[in-house]
Amino acid sequence: MDFLILAIIILAVVAIFQLLKIYELSRELRPDEAPVITEADSRMNARLGIVFIIGFFTFILWCIYKWGDKLLPEPASKHGVEIDQLWDVTMVIIGIPFIICNVLLFFFLNKYRYKKTNKADFFAHSNKLEAIWTVVPAIVLSALIIYGLRVWNDVTDHTSISANENPVNIELYARQFDWTARYAGADKKLGDANFQMINGSNALGLITPEAITDRLAEITKDSVALRAKLDEQVRLEGIIFPKKSKPVDPHAHGAASHDAGAEHHTPAPNPEAHAKEGEHGGGHHEDPYAWAGNSKPVRAIVDELERLSRMKRSIETFAKKRFTSSGDDLLVKGEFHLPVNKAVLFQFRAQDVIHSAYMPHFRVQMNAVPGMKTNFAFTPTITTAQMREKTKNPTFDYYLLCNKICGNAHYNMKMVIVVEDQASYDNWIKEQKTFATQMAALLAPPAADSTITQTLVPATDTTMAKAPTAKPAK
Ligand SMILES: [Cu+2]
């Protein structure tokens, strides 16, 4: 079969080669019919070129006339005016040469089109011309870039705003696929957060004493469940577990471990696990889990237990340090409010992938990147009500959108922004709930079920360091 296919391919190649040869031979027999461009063809092309460029510029002018002022309403923030000016100046400065160059291009296309009487001029080089068309654009573009950088520095200079204007502090937290707005609470500061704190009752990973207790209890609970799973797996696979070593807490050197100082970072699976000897090898093995042999399930559980253990230690470490509690911060979803004519300092964070906070009416866009904080400050100048009048659109709303394709429900990642006077804003903010109250409500146990609370907060936490108690199956 393979041979047949090979033979067919070879024959096909030979056939194509032969056909090409016949074609070449036959061409020599035909009279020479090389295409000749006539003066009429050339005139036609030149005139079509002129029709094209007139049509092109007419279309652009029509678009500007029709939609030029309808893409976005007037900028609703202080710096938005500057951004729009920068845009206009840039468009004029690059637009004029664009029009001149294209008009000339098509004009010369017509003027110097092919005519029998025309004779080409030989013109090799001119230093003067080279200098002019290098220096002039260099100066113009430098001016444009310096202007742009000045506007950008102005827009992103948050230090002066923080120092002088006592801004409203808001964090916009992005995750697939929604936004949460967090307002600085009574202490006027956005409290601390850490991704390791993220769980079902704390989507933003905020740090408060209660959240730390809750998270540690959760980790303990997860570890207990994993220990049980490990015991079961060890029993199923008939693995003999070394009696004296601590399998899942490699950082507890010295305390109970026999092989203090051994390297734990290189888990080279050892099929000849010293499990046969029934006790730990005494330090000459680099793999602390050699007893697990090649068992992938056991190693996976042990890895997960270690990860939880690391996370627990890390949380305990920052819990001991001084932190700004986020308990008083207000968490808002769906819609958030801003007072008009007051500086707002935004902080952006993301949980999973890069998102981008886009508030087009305020001419704001800033990436929200996992693992770092980004900032943007602006002062809204037109209330939602005023903008509804200006646009003659009674349903007009400002929006916060996600402007990075961040996943399949990206399109739905938005929040309404309401800009209003200070009094209305103050009333609204009074109604918002703090993170502490929201978390307490989430964690409140159902009245009848008291056992859950008991397992949530165990009295002691020795479970993570204890070795599995299972005996070998045989
Ligand atoms: Cu997004």
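**Pockets, patch and backbone**

Helix α9 gives the most residues to the lining of the second largest pocket, namely four. Helices (H or I, at least four residues) and strands (E, at least two) are DSSP runs, numbered from the N terminus. A pocket, on a 1 Å grid over the protein atoms alone, is an open set of points where a 1.4 Å probe fits, with protein on both sides within 12 Å along at least five of seven lines; lining residues have an atom within 4 Å of a point. The model is predicted: local features need pLDDT of at least 70, side-chain atom pairs count only at pLDDT 80 or more, and totals for chains, interfaces and linings use all residues. Residues are numbered from 1 along each chain as its sequence is written, and side-chain values use heavy atoms, with hydrogens and water left out.

The second largest pocket has 16 lining residues, and Pro167, Val168, Asn169, Ala184 and Lys188 lie nearest its centre. Two or more lining residues come from each of β1 (168–175) and α9 (422–431). The space in this pocket is about 360 Å³, where a volume is the space filled by probe spheres set on the points, and grid points are joined across faces, edges and corners. Its lining has eight nonpolar, five polar and three charged residues. Here Ala, Val, Leu, Ile, Met, Phe, Trp, Tyr, Cys and Pro count as nonpolar, Asp, Glu, Lys and Arg as charged, and the others, Gly among them, as polar.

Lys188 also has a phi near 60 degrees, a positive value in a residue other than glycine. Its place is in the loop between β2 and α6 (209–237). Another backbone feature is the cis peptide bond from Gln176 to Phe177, with omega near -5 degrees. Phe177 is found in the loop between β1 and β2 (178–183). Most residues other than glycine have a negative phi, and most peptide bonds are trans.

The largest pocket holds about 1,100 Å³ of space. Its lining counts 34 residues, with Gly68, Leu71, Trp87, Asp88 and Met91 nearest the centre. The elements giving two or more of them are α2 (39–67), α3 (78–111), α4 (127–156) and β7 (364–368). Helix α3 gives the most, with 11 residues. By class, 25 of the lining residues are nonpolar, four polar and five charged.

Trp87 and Met91 also belong to a nonpolar surface patch, together with Val89, Ile93, Ile94, Ile132, Val136 and Val140. Helix α3 gives the most to this patch, with five residues, and Ile94 is found in that helix.

Notes:
Patch = residues over 30% accessible without salt bridge, like charges linked within 9 Å, V, L, I, M, F, W, Y side chains within 5 Å. Areas by Shrake-Rupley, 256 points an atom, 1.4 Å probe, with all protein chains shown as cover. Salt bridge = Lys/Arg side-chain N within 4 Å of Asp/Glu carboxyl O.
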